[in-house]
Amino acid sequence: LTGFSGSSATIVITKSFAGLWTDSRYFLQAEIEITGSGFELAKPALLKQGGYAEWLSENIQPDSRIGLDGHLFSIQEFRSVEKKLLAKNIKISPDYDLISNLWNDRPGITFSNIFDHHIRYSGRERKDKIDDVRRKMKSIGVAYQLLTSPDDIMWLLNIRAGDYRNSPLALSYAIIGPDQVILFADINNFPSDLAASFDSSGIVILPYNEICAIIHKIIKNVTLYLDPERTNVQIYNALPKTALIKE
């Protein structure tokens, strides 16, 4: 949308305004890159203004509606914005991905081969790590735990990949249950010997994009442990009403 190539930014678009918020690392870069794009660069540190949520609370009319893509906002971030807009009765709808239909030539997700991270490097078998997590889950009274950070999942299951340019991670989610671990990843890039090892260890591999459908089916009338800083709104909203959530 803007031409900005930094690693962190948030954009707000209204009928009469388009602004980009980033941190001070990128002020000079962003100013150059978004020139002529129609976007204004917000500089909270220099202008003594707050972030984009504060801007919204000051500039959006009461009883308005804001759309955002729930894939890209954590539960905690969503709640923070919601709280700042509460006094104006502004509704936030997290089901709006307006970019995908516009960006026709967008590159697809590139999945890489997933491989076993040998115990000589990892130090402990995956089974022992999973057992440790299950003991902790039992001690705090939860039946399932949701993992949404690929680094946590790679460590727990002793696997690595190259889905991220500079980190040995696989794009993935995981659900740890009392008897089974479900890994959501690209099943086409799993070597057969690793898949067989997972199967014998009670680790089920399912397609990456099935997380919402599966979590809606299995987390009913049971307690799920999750991190609101790392779980996105779309997954949270996919949970059934009968789920008992512990954060």
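Author: Start with Arg230. Arg230 is partly exposed, at 43% relative accessible area. That label has cut-offs: buried is under 20% relative accessible area, exposed is over 50%, and partly exposed lies in between, with a 1.4 Å probe and protein chains only. This is a predicted model, where local features need pLDDT of at least 70 and side-chain atom pairs count only at pLDDT 80 or more, while totals for chains, interfaces and linings use all residues. Residues are numbered from 1 along each chain as its sequence is written, and side-chain values use heavy atoms, with hydrogens and water left out.

What does Arg230 pair with in a salt bridge? Its partner is Asp152, and the N to O distance is 3.4 Å. Arg230 sits in the loop between β12 (223-225) and α10 (233-238), and Asp152 is in helix α7 (residues 150-157), so this bridge ties together parts 78 residues apart in sequence. Asp152 is partly exposed too, with a relative accessible area of 33%.

Two terms need cut-offs. A salt bridge puts a side-chain nitrogen of Lys or Arg within 4 Å of a carboxyl oxygen of Asp or Glu. Helices (H or I, at least four residues) and strands (E, at least two) are DSSP runs, numbered from the N terminus. The general idea is simple: side chains of opposite charge can pair when their charged atoms come close.

By the salt-bridge rule, the count is 9. Another of these joins Glu247 and Arg79, at 2.7 Å from N to O. That pair links distant parts of the chain: Glu247 is in the segment after β13 (244-246), Arg79 is in helix α4 (residues 75-85), and 168 residues separate them. Glu247 is partly exposed at 43%, and Arg79 is partly exposed at 33%.

Now take Arg25 and Asp23. Their side chains meet in a salt bridge of 2.8 Å, N to O. Arg25 is exposed, at 57% relative accessible area. Asp23 is partly exposed, at 27%. Salt bridges can also form networks: Arg124, Asp132 and Arg135 are linked in one.

Next, look at Val222. This residue is in the loop between α9 (211-218) and β12. Val222 counts as partly exposed, at 21% relative accessibility. Which residues does Val222 touch, leaving aside neighbours within four places in sequence? The list is Ala143, Tyr144, Thr242, Ala243 and Leu244, where contact means heavy atoms within 4.5 Å. Thr242 is 20 residues from Val222 in sequence, and their C-alpha atoms are 7.8 Å apart.

Step back to the whole protein. There are 10 helices and 13 strands. The C-alpha atoms fill a box of roughly 60 × 40 × 35 Å, taken along the principal axes. Of the 247 residues, 41% are buried. Take contacts between residues at least 6 apart in sequence: 58% join residues at least 24 apart.

Finish on the surface. Leu1, Ile11, Ile13, Tyr96, Leu98, Ile99, Leu102 and Trp103 form a nonpolar patch with about 820 Å² of accessible area together. Patch residues have over 30% relative accessible area and no salt bridge; like charges are joined within 9 Å, and nonpolar side chains (Val, Leu, Ile, Met, Phe, Trp, Tyr) within 5 Å. Accessible areas come from the Shrake-Rupley method with a 1.4 Å probe, and for residues only the protein chains shown count as cover. Ile99 is in the loop between β5 (91-93) and β6 (115-116). Ile99 is partly exposed, at 31%.
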